[in-house]
Each structure stands twice: as C-alpha cells, then as structure tokens.
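Hi everyone, thanks for coming. Let me put the sequence and the model on the screen, and then we can walk through a few places together.

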Amino acid sequence: MAEANLSALFENSVQVTTNEITCDLHPGEVDHSETPNRVLLGKLYCFSRLGRKAIQGSLNNAWSSLEGWSWKEREDGLLQFTFQSSFDADNVLLRRPWLVCGHLLVLMPWPSWLTPEEVVFDQTPLWVRLKSIPPFYWNKTNLQELAGKVSAVYELPRHIEKNFERGSFGMGTVRFRATVDIDKPLFSGFYLRRKGIKDLWIQYQYEKLPKMCFKCGALSHEMKFCFKTPTVIKDDKGSFFPMYGTWMNEDAIERSPFQLPLPRWFSEWILNQQALKDPVIQNRLRNDRRWKEADSMECRELKRQLPGKRRHVEVLVEKRPETQELVLNRFPAVHLPGIGEITPFENTADLVVEKDIPVRPLQSIVTSPGVPSSPSAEDGTQSTEHSDGKSTLTNQGRNLPGKGVQDLQFSSPTN
C-alpha cells in the first residue's frame, strides 16, 4: 500500500478511484467461424528471440495428441503451421490460447484471399473465471454484464439458459471465454456496491495467463519494456494499490490487489521515483546497488572456484625426444576481481632466492682450577667448575643465536 502523501508520484498515472470501478448489478457475441483450413499463421509476442528447439519442445508437449503437423518461420517473423487435416487445425483454434515458454502465441486462420501481411494478430481468446458471486445477483442478465466487462465478444457456458429455467444457480462460480484485445489493458476487477454492508471486490482471474505488463495491463509486451507509469487504485483513505499483478492468474495465491505486502516491482518503482526528488534516498539506493553488485560478483567468483569450473594452466617441464613424451605440470587458475587470473599453486622455486642468516660464534671461556669464574651478564653465560678440573659453560639463551643448545662443556687446558 502506497501512502496518501505519495500522491505527487502518481500525477501522470492513470488513477482509477473506487467509485469509478463500482457498479450496480440489476434484475455477446461469439467469434465468427471461418472456413476450416489446414494452414494457420501464428505470431509469438516475445522480445527476446527463442530458439527453434525451445519452440518445438513447447509445442510438442502441448500438441502431443496431434500427428503429422509441421511448422516453419517465415521471413517476416510469422510462424506458419501446417496440419494433417482441417479438423486438427480447427481443434487447435478452439483450444486457444497457447503459450511458448510463458509467452503468448497468437494463432489465426489464413484465408485464401488474404496475404500473410493482411492477417491481423491483435486479438486472442482467454478463459476467465469469476468466483464467490453472491447468489442474490446470480442471474443471466448479471452474468452477461459481468462477461461484457472483459470484452464485447464473449461466450457463456452452454445450456446456461436452461439451467436458469430449472433453478440451477451453480455455486457462485462462472467460467466463460472472451476475446480480448492484446494492446488494450485486461479487466482486473471492480467493487460490487451493496446497500447496508461493505462493498465486495470481484476479482477476474484468467487461465493460462501469459507474460504481461503489470504497469499498463497489456499482453503485447512485458513490464521491463514499458515506460508508462503504473495504473493504480486509490481507495477511500488515499492509499494506492497496483491495478494489475499476479493475482489475475488463476493459480495465484493472492486474491486481490489489496493484499500486503505490495509487489516488489511496485515498491521499487516508488523508491526510484522518490530518489529522483530526494538525494538522500538516491544515495541510499546507490549504496544498496553497489552492495548487491559486490555480492553477485562474490557469488560468481565462488562458482568459478568449483572443481568443474576451474581452468588449468600447463607448464612444460621436460622434453623426452627418445620417447616423444612431454613432462607437464598442471596448476589450477583462480580469478581474482581487479587482479585477473593467477595460479597460486604454481611452483615458484626458481623465483625464490634463499638467504643464509649468519650465526654468531660462541666465545670459548677458559677457567683454571681454584679461580672462580665470573658470569657474564651481557652474554648470558655461566661457568661451573667440577672436581675433575673441567668447567661447564651454561648458555642462558639470551643474546646468542642457536637457542636449541642449552649446555656447552669446555675442557680447561692442562698445564
């Protein structure tokens, strides 16, 4: 929910108030059938180019019950489908819409008196579901008005008139087929005004809903290619909600646009609009973007360090002309950001110069019998005289290298 104080951000948006989408229910037309043909023309609404294998795989799963059909891509970008019989082609048309990797595939018959450029791909049939309609409003006139909000061309369930005559009202759910314009926004829902009680939101849900634009509600493009401001609903409290979203899909968990939290794309759009006017928010978004880029870079580097992703560098060690063999050393290469590719485990013995640290020699101290030896505080040595005329020089290990030697014995010279 966008607060009421953000109304300046939606000045250029298409604002629909709750009163404008509230109507009263008080106590169609079908597609014109064309002559069956074995050839159909199709247009795929996808800005990124899909490979032939992706299209073939999606259609094989969808048309697994059909045999002997083929397709090819024309120079003008249209897809031409040829079926084994006109019955198969008509069956495919009746089971529209078709999706290829989530994108809408619009199929149209190819009349023999028209060129492919004259065939219009601006409409597609969709199956619509309405749930939780109160039984008080369940009659044929109201159902026709509900279906007419989606499109002027719709088809209600068969034998619905006989059901009303028999008093069969269903369970408040109706499923009908409507032909919608691809370039126009889909109908999302409306408030049903009820006297004395709270108004009821009637949500329209579409089966096999393709990828669409949640800003303007059109099926002809995706949201990332739309530069319009989003269409919003402004409630009585002045809060803003997006009109279009995932709740329009039949399999969606959300049931209305008024559920919190708001969609991520809508919250990001509000932040971006606020950043254009507030430098503090702009700096915060810039810092957050940098942190995300750093995290993504770290993730990419971790993926590169996997055993299957490592690149190895080979170094020639020795050539053996007798056996025509080569002795190689293989080292794994690691990519560091800002530095490049290095081999940390490479043998660098040729680049290391060993340096011998000189060790200071010990001074020999000679003591004679009967003369006490004075310990040297500076050298940290002490001399001890024994009864056999020998003296022992003890090293305290202070300023002398070679700490592993603790006791040194020297023989006093004999007279």
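The lining of the second largest pocket has six charged, five nonpolar and three polar residues. Here Ala, Val, Leu, Ile, Met, Phe, Trp, Tyr, Cys and Pro count as nonpolar, Asp, Glu, Lys and Arg as charged, and the others, Gly among them, as polar. Please keep in mind that this is a predicted model, where local features need pLDDT of at least 70, side-chain atom pairs count only at pLDDT 80 or more, and totals for chains, interfaces and linings use all residues. Numbering starts from 1 along each chain as its sequence is written, and side-chain values use heavy atoms, with hydrogens and water left out.

Back to that pocket: its volume is about 340 Å³, and of its 14 lining residues, T18, Y191, K198, D235 and D236 lie nearest the centre.

Next, the second largest cavity, with a volume of about 40 Å³. On a 1 Å grid over the protein atoms alone, a cavity is a set of points where a 1.4 Å probe fits but cannot get out, while a pocket is an open set with protein on both sides within 12 Å along at least five of seven lines; lining residues have an atom within 4 Å of a point. Grid points are joined across faces, edges and corners, and a volume is the space filled by probe spheres set on the points. Around this cavity you will find Y45, C46, F47, L104, K211, L219, S220, H221 and E222. Domain 1 (39-118) and domain 2 (123-227 + 246-256) each give at least three residues to the lining; the bounds come from an automatic or database domain assignment.

Now to helix 1, residues 52-62, where I55, S58 and L59 are buried. Those three sit on the same side of helix 1, because they cover an arc of only 95° around the axis, taken from the directions from the helix axis to the C-beta atoms. K53 and N61, on the other side, are exposed. Buried means under 20% relative accessible area, exposed over 50%, and partly exposed in between, using a 1.4 Å probe and protein chains only. Helices (H or I, at least four residues) and strands (E, at least two) are DSSP runs, numbered from the N terminus.

Last stop: P125, in strand 8 (residues 123-130). Is P125 buried or exposed? P125 is buried, at 2% relative accessible area.
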